[in-house]
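Dear colleague,

Please find the structure below, handed over for your records. My findings follow directly after it.

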Amino acid sequence: MSPIKLSGRLLSRLEFAFVRYVYWHFNKPVYVILLGGPGAGKGTLATQLAPKLGLAHISTGNLFRREISRHSALGKKIEPILKSGGLVPDEITIAVVARELARFANRRGAVLDGFPRTVNQALLLERLLDSWSQEVCFVFFLDVETGDLIVRLAGRRTCSNKACGLTYHMDFNPPKKNGVCDKCGSALYQREDDREDVVLARIENFNGTNEPMLRFYKQRGRLFTIKSSNRDGKDSVLTRVLAVMFRNWQA
Ligand code: AP5
């Protein structure tokens, strides 16, 4: 029987088992990059994918928000940028990511959520991984229509417990109890940068940087596009991503 004819759930479990087998067998650090507009589902997918593959989940947005909540010098510097939906300068972003990656350099690899966002960041990441004889294995572009992005961000709620940070959607992925995280019981909140005017600025920034990023990773043969709409659930995206990894694994 062709695996494609199996149910999505079983297919996903088989692919996961295979990816994990190959991964452990060859012991190759795996770096997966998630590209996509604000609300495209990068964080949601990373939260599903990273534990399945035993990878670290590195989200630049979460790292920056943590600095802001700690009121650190860096947090104070970047707070107005996040509030307005702008991009944090490359030199700051790269320093933060390099520090974080160094913690995981000799481990299994990472899912990078929200980084790189510019070709400059992508080049510096390439150089950094190269200096450790490692490389980016898969780049997934989560392609979602702008109208759907706006609906997703308007309904997103995030767990206030920074160690948990799970995200929900009031319509597509609601918590069991209104306003409360299913996993840790903390209160849910709406991110400040999910206000409509800030969302539009974030989408504009994304539209300005995305094409060169897609070209960069297409040239390297690492780019895979996963199209989704608000009618698809998050599990359908995960299953398709695992299917791509299954078919394109290079040991
Ligand atoms: P960041 O936190 O990375 O924000 P973003 O890229 O705008 O992405 P989001 O976190 O808003 O969305 P997501 O794609 O993770 O979607 P999610 O899974 O939550 O960055 C914030 C800011 O930090 C930036 O604006 C910038 O200032 C700065 N920054 C970060 N990285 C930077 C960098 N590299 N360089 C410079 N500056 C940087 O999903 C959204 C909603 O949709 C949720 O409610 C979810 O439940 C729902 N959903 C998810 N998947 C589906 C699905 N398949 N179907 C239906 N609903 C779904």
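Leaving aside residues up to four places away in sequence, threonine 60 touches Thr93, Val97, Asp113, Gly114, Phe115 and Arg117. Please note that the model is predicted. Threonine 60 belongs to helix H3, which spans residues 60–70. Because its relative accessibility is 3%, and buried means under 20%, threonine 60 counts as buried.

The second topic is the ligand. Around the ligand there are 36 residues, of which Thr44, Gly86, Arg117, Arg156 and Arg202 come nearest.

A polar side-chain atom of arginine 202 lies 2.5 Å from an oxygen atom of the ligand. Glycine 39 has a polar backbone atom 2.9 Å from an oxygen atom of the ligand. For aspartate 232, a backbone N or O atom is 2.9 Å from a nitrogen atom of the ligand. On its own, the ligand has 1,000 Å² of accessible area, and the protein covers 97% of that area.

Two or more residues of the shell around the ligand are given by each of these elements: helix H2 (42–53), H3, helix H7 (146–155), strand S6 (167–169) and helix H9 (234–248). H3 supplies the largest share, 4 residues. By residue class, the shell consists of 11 nonpolar, 15 polar and 10 charged residues.

Yours sincerely

Note on methods:
Residues are numbered from 1 along each chain as its sequence is written. This is a predicted model: local features need pLDDT of at least 70, side-chain atom pairs count only at pLDDT 80 or more; totals for chains, interfaces and linings use all residues. Side-chain values use heavy atoms; hydrogens and water are left out. Buried means under 20% relative accessible area, exposed over 50%, partly exposed in between (1.4 Å probe, protein chains only). Contact means heavy atoms within 4.5 Å. A residue is near a molecule or strand if one of its heavy atoms lies within 4 Å of it. A polar contact is a pair of N or O atoms within 3.5 Å; within protein, one must be able to donate a hydrogen and the other to accept it, and residues adjacent in sequence count only if both atoms are side-chain atoms. Accessible areas come from the Shrake-Rupley method with a 1.4 Å probe; for residues, only the protein chains shown count as cover. Ala, Val, Leu, Ile, Met, Phe, Trp, Tyr, Cys and Pro count as nonpolar, Asp, Glu, Lys and Arg as charged, and the others, Gly among them, as polar.
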